[in-house]
Amino acid sequence: MGYDMNELPPRFWQIFFELYESLPRQGPGNRDCVARVLALCRDLPSAPTVLDLGCGVGGQTLCLAELLPGAIITALDIHVPNIERLRATVAVRGLAERIQPMVGDMAEPRLSPASFDLVWSEGALYNIGIEKALHVCRGLLGAGGYLAFTDAVWLRDNPPPEVKASFDLDYPTMGRVSDVLTAIERSGFSLIGHFTLPDEAWWDDFYSPMEVRIEELRGKYGDDEEALAVLDQLAQEPAMHRRYSDYYTYEFFVARLVNLGEIGECDSTPPRKCGPIFDNPLIEGL
Ligand SMILES: C[S@@+](CC[C@H](N)C(=O)[O-])C[C@H]1O[C@@H](n2cnc3c(N)ncnc32)[C@H](O)[C@@H]1O
């Protein structure tokens with residue numbers, strides 16, 4: 001989750017970033033979801049230009065590079081240490097020719113208009129507001145380009161006070177799936193499909209490593225009361241999800257810059273490992 005930089009003290013941010021920068025991902029998501037989305041992007045060229053907005057340390061960027069072996073990927077994030085970590089990973093894995101990490105603000109990305117075949121963003125567009133973000137993405141995509149993004153959405157009304165307070169702080173304008181679909185349509189995109197992230201996408205690469213790391217940091221900050229209080233606060237997020245995940249979720253949305261007519265597909269069934277969505281010849285390793 002994001003937090004309002006202005007409302008919390010510097011010590012909070014020091015420990016927040018120490019925790020988050022060390023995780024494989026900074027939000028929910030996993031490789032299966034990346035593969036599932038790519039299978040919906042049936043007309044991607046064999047060497048697509050891809051932009052990953054709000055890439056974090058690049059959890060999904062690396063999946064994209066693996067699953068789209070011809071792709072050239074620009075990975076942009078506003079937080080410098082995330083990009084430094086991704087640069088180091090890219091160098092170690094010999095991917096410097098294919099992944100270009102860059103520091104930037106997605107609100108003003110300073111990238112050539114209409115220069116991408118696929119704009120990707122997991123858990124990040126909401127930082128500048130979905131409507132504004134869709135407008136930015138639209139300007140960056142070439143004709144027929146695909147947009148794939150996740151966004152947090154409510155599943156039920158009347159959330160418990162703890163859940164409401166958390167999202168009031170982090171994402172006060174959060175809506176339901178239908179609100180995002182309306183925004184997609186209003187922004188001139190054609191919906192290709194959408195699906196709810198499975199439970200393991202919250203835990204395997206995000207909350208489980210987060211809980212392990214919080215324990216390590218509790219050891220590191222042994223008698224530092226202030227640090228321990230911040231860690232207690234950060235530990236509330238996975239604990240809240242364990243209790244109340246039926247109130248909110250992450251949804252993956254896939255849209256395109258053309259009116260696809262009959263090609264358009266609205267897919268909201270659980271992920272599966274067979275059938276046409278896993279038959280895209282451009283995707284490796286399915
Ligand atoms: C919830 S994290 C998701 C990171 C990554 N996509 C993932 O799923 O692991 C949101 C990311 O958006 C980045 N971010 C926030 N505002 C941004 C902005 N205006 N421009 C670029 N990146 C931004 C944050 O630094 C953070 O890395």
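Residues are numbered from 1 along each chain as its sequence is written. Because the model is predicted, local features need pLDDT of at least 70 and side-chain atom pairs count only at pLDDT 80 or more, while totals for chains, interfaces and linings use all residues. Helices (H or I, at least four residues) and strands (E, at least two) are DSSP runs, numbered from the N terminus.

In helix α1, which spans residues 10-20, Ile15, Leu19 and Tyr20 are buried, a residue being buried if 20 or more other C-beta atoms, placed from the backbone, lie within 10 Å of its own, exposed if 12 or fewer, and partly exposed in between. Seen down the axis of α1, the buried residues fall within an arc of 125°, so they line one face of the helix; the arc is that of the directions from the helix axis to the C-beta atoms. The face turned away from this buried side carries the exposed residues Pro10 and Gln14.

Strand β5 (residues 141-154) is mostly covered, with ten of its 14 residues buried. Its pairings are tabulated here, where two strands pair if DSSP finds at least two bridges between them.

| Partner of β5 | Sense | Bridges |
|---|---|---|
| β4 (residues 116-121) | parallel | five bridges |
| β7 (residues 248-256) | antiparallel | nine bridges |

Serine 121 stands opposite phenylalanine 149 in β5, and tryptophan 154 stands opposite tyrosine 248 in β7. Together with helix α5 (residues 130-140), β4 and β5 make a right-handed β-α-β unit, in the sense that, with the strands pointing away from the viewer, the path from the first strand over the helix to the second runs clockwise.
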